[in-house]
Amino acid sequence: MQLTGNAAIVTGGASGLGAATARAFAEKGAHVFALDLPGSIADAPQVDGVTYLAADVTSEEEVRAAVATAAEAAPLRVAVSCAGIGPSARILGKRGTHDLSLYRKVVEINLVGTFTVMTLAAEKIAETEPLEDGQRGVVVNTASIAAFDGQVGQAAYASSKGGVVGLTLPAARDLAQHGIRVNTIAPGIVETPMLATVSDEFRAGLAAGVPFPQRLARPEEYAQLATFLVEHDYLNGEVVRMDGALRMPPR
């Protein structure tokens with residue numbers, strides 16, 4: 001699957017993993033539509049080939065409108081979901097039980113939002129002309145190693161990302177008849193804006209726990225892997241860990 005000349009949707013596209021992926025796809029010649037919240041888009045850098053669209057992944061109407069806009073520009077072939085949140089809370093903590101509304105919010109954004117984007121994008125991708133082997137497009141979703149190694153305080157986050165992992169194979173099987181591949185990336189600890197508020201000492205401690213290379217991952221490395229998954233036509237239904245062989249301890 002070639003990115004050149006085709007449209008691609010990237011959620012969470014104004015910063016972090018999404019911004020790096022949007023930039024990488026644009027450099028490959030894709031017409032990229034970066035979906036994010038209005039406040040995030042206001043601070044996003046202008047990148048040639050990237051069009052920012054205000055859309056909340058929890059809103060079917062906003063996602064549907066964004067997908068339609070992308071499909072009008074060029075054949076929609078690719079959808080990448082990077083939008084997500086990761087608040088921390090224990091099931092039973094010093095202040096009582098886990099906030100149930102917070103749990104619902106995490107699942108709504110990370111899992112239901114991913115499903116919504118994939119489903120509505122797949123609907124449009126299925127309308128494109130088939131390419132070699134009947135292929136029409138690719139979906140790349142984002143999980144986390146927390147799906148496998150969830151730590152203390154990550155009940156909501158880990159279960160939402162575990163859902164994304166569990167979604168991968170049945171989605172690939174469902175969409176096979178339409179020529180759409182589905183893969184998932186499960187990143188480890190990535191140097192994103194979510195880590196910007198922690199101290200250098202804490203960041204160094206996180207990096208020291210990675211077997212090799214002993215550093216945090218870079219958003220550009222996620223983008224490189226996403227590009228590879230799009231371009232490798234025989235990778236389908238896979239969850240790929242990008243974590244430097246890290247296995248997270250309980251805390």
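User: How do the residue classes work: which residues count as nonpolar, charged or polar?

Analyst: Ala, Val, Leu, Ile, Met, Phe, Trp, Tyr, Cys and Pro count as nonpolar, Asp, Glu, Lys and Arg as charged, and the others, Gly among them, as polar. The model here is predicted, so local features need pLDDT of at least 70 and side-chain atom pairs pLDDT 80 or more, while totals for chains, interfaces and linings use all residues. Residues are numbered from 1 along each chain as its sequence is written, and side-chain values use heavy atoms, without hydrogens and water.

User: What is a cavity, and how many of 30 Å³ or more does the structure hold?

Analyst: On a 1 Å grid over the protein atoms alone, a cavity is a set of points where a 1.4 Å probe fits but cannot get out; lining residues have an atom within 4 Å of a point. Grid points are joined across faces, edges and corners, and the volume is the space filled by probe spheres set on the points. Two cavities reach 30 Å³ or more.

User: Which residues line the largest cavity?

Analyst: The lining is G13, A19, A22, R23, A34, P45, V47, V50 and Y52. By class, seven are nonpolar, one is polar and one is charged. Helices (H or I, at least four residues) and strands (E, at least two) are DSSP runs, numbered from the N terminus. Helix 1 (16-27) and strand 3 (50-54) each give at least two lining residues; helix 1 has the largest share, with three.

User: Is helix 1 buried or exposed?

Analyst: Buried means under 20% relative accessible area, exposed over 50%, partly exposed in between (1.4 Å probe, protein chains only). Ten of the twelve residues of helix 1 are buried, so the helix is largely enclosed by the rest of the structure. Among them are L17, A19, A22 and F25. Expected span is 1.5 Å times one less than the number of residues. Helix 1 reaches 17 Å from first C-alpha to last, close to the expected 16 Å. After helix 1 comes G29, with a positive phi near 95 degrees.

User: What lines the second largest cavity?

Analyst: Its lining includes P87, H98, L102, V106, Q154 and Y157. Helix 4 (100-125) and helix 6 (155-175) are the elements that give two or more residues, and helix 6 has the largest share, three. The classes are seven nonpolar, four polar and no charged residues.

How values were computed. 1 Å grid on protein atoms, 1.4 Å probe; cavity = no way out; pocket = protein on both sides within 12 Å on 5 of 7 lines; lining within 4 Å.
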